[in-house]
Amino acid sequence: IVSLIPLTPADYSAGGQTALYDAVLDALTGAAAYEENLLQSGVTPQVIVVVLSDGADNNSQRATAGKIKRLMDEFEKRENWIVGFIGFETYETRDHGVDFTVVANNAGISLVETIDLGIDVYERRHKIRQTLHRVSKSVIRASKVKIDPSSKAGFFTV
């Protein structure tokens, strides 16, 4: 039996706490460990990781952009990995000059999509659904074929 403790506003403080590179490190090493388990059982997987963020890194304790980039360089050599990045642009990211393409590229992630959340509610919901739909279709398409490193640029397209 799992016991959950409800969160209250006092337990949660948003803003300025983006440990982006720590989270990406955990996702990549977790995916790599799962990949290794599959390889040991005779399954050759295609690994697809999509990072979602509403800010640049400002709170990582264990990882840097350079460390993530070195991992990404290793995964690129395997040719069965795709890592994409979706940045959710807000008034705060604009005020702080966050460029998600730069944030992702510094970490070795070249597939980047940005969603502007500063638009009206309907358009924002539509854009998020549309982007996640493209990611889903892209994952399905990529999982059906051997990954060609030269075709990764079209990952976010349907």
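This report walks through the core, the strands, the first helix and the salt bridges of a predicted model.

## The nonpolar core

Let's start inside. The largest nonpolar core holds 24 residues, and the members touching the most others are Y21, L28, V49, I68, W81 and F85. Helix 1 (20-40), strand 1 (47-53), helix 2 (65-78), strand 2 (81-89) and helix 4 (100-106) each give two or more residues to this core. As a rule, nonpolar side chains in soluble globular proteins tend to be buried together.

Strand 2 is largely enclosed by the rest of the structure, because nine of its nine residues are buried. Take the faces in turn: W81, V83, F85, G87 and E89 sit on one side, I82, G84, I86 and F88 on the other, and both sides are covered.

To get from strand 1 to strand 2 the chain passes through helix 2, making a right-handed β-α-β crossover. Strand 3 (residues 111-116) also runs parallel to strand 2, with six bridges between them; here G84 is set opposite L111.

## Helix 1

Helix 1 has 21 residues and spans 30 Å from first C-alpha to last, close to the 30 Å expected at 1.5 Å a residue. Its buried residues are L20, Y21, D22, V24, L25, L28, A31, A32 and E35. Residues three or four places apart in an α-helix point the same way, because there are 3.6 residues a turn. Strand 1, helix 2, strand 2 and helix 4 are among the elements covering the buried residues of helix 1. After the helix comes G42, with a positive phi near 90 degrees.

## Salt bridges

The model has seven salt bridges. One of them joins R62 and D26, at 3.0 Å from N to O. R62 belongs to the loop between strand 1 and helix 2 and D26 to helix 1, so to speak distant parts of the chain, 36 residues apart. R62 is partly exposed at 45% relative accessible area, and D26 is partly exposed too, at 41%.

R94 has two partners: E89, at 3.0 Å, and D116, also at 3.0 Å. R94 lies in helix 3 (residues 91-95) and D116 in strand 3, so the pair ties together parts 22 residues apart in sequence. D116 is partly exposed, at 29%. Through shared partners, E89, R94 and D116 form one salt-bridge network.

Technical notes:
Residues are numbered from 1 along each chain as its sequence is written. This is a predicted model: local features need pLDDT of at least 70, side-chain atom pairs count only at pLDDT 80 or more; totals for chains, interfaces and linings use all residues. Side-chain values use heavy atoms; hydrogens and water are left out. A nonpolar core is a set of buried Ala, Val, Leu, Ile, Met, Phe, Trp, Tyr and Cys residues joined through side-chain atoms within 4.5 Å. Buried means under 20% relative accessible area, exposed over 50%, partly exposed in between (1.4 Å probe, protein chains only). Helices (H or I, at least four residues) and strands (E, at least two) are DSSP runs, numbered from the N terminus. A crossover is right-handed if, with the strands pointing away from the viewer, the path from the first strand over the helix to the second runs clockwise. Two strands pair if DSSP finds at least two bridges between them. The expected span of a helix is 1.5 Å times one less than its number of residues. Contact means heavy atoms within 4.5 Å. A salt bridge is a side-chain nitrogen of Lys or Arg within 4 Å of a carboxyl oxygen of Asp or Glu.
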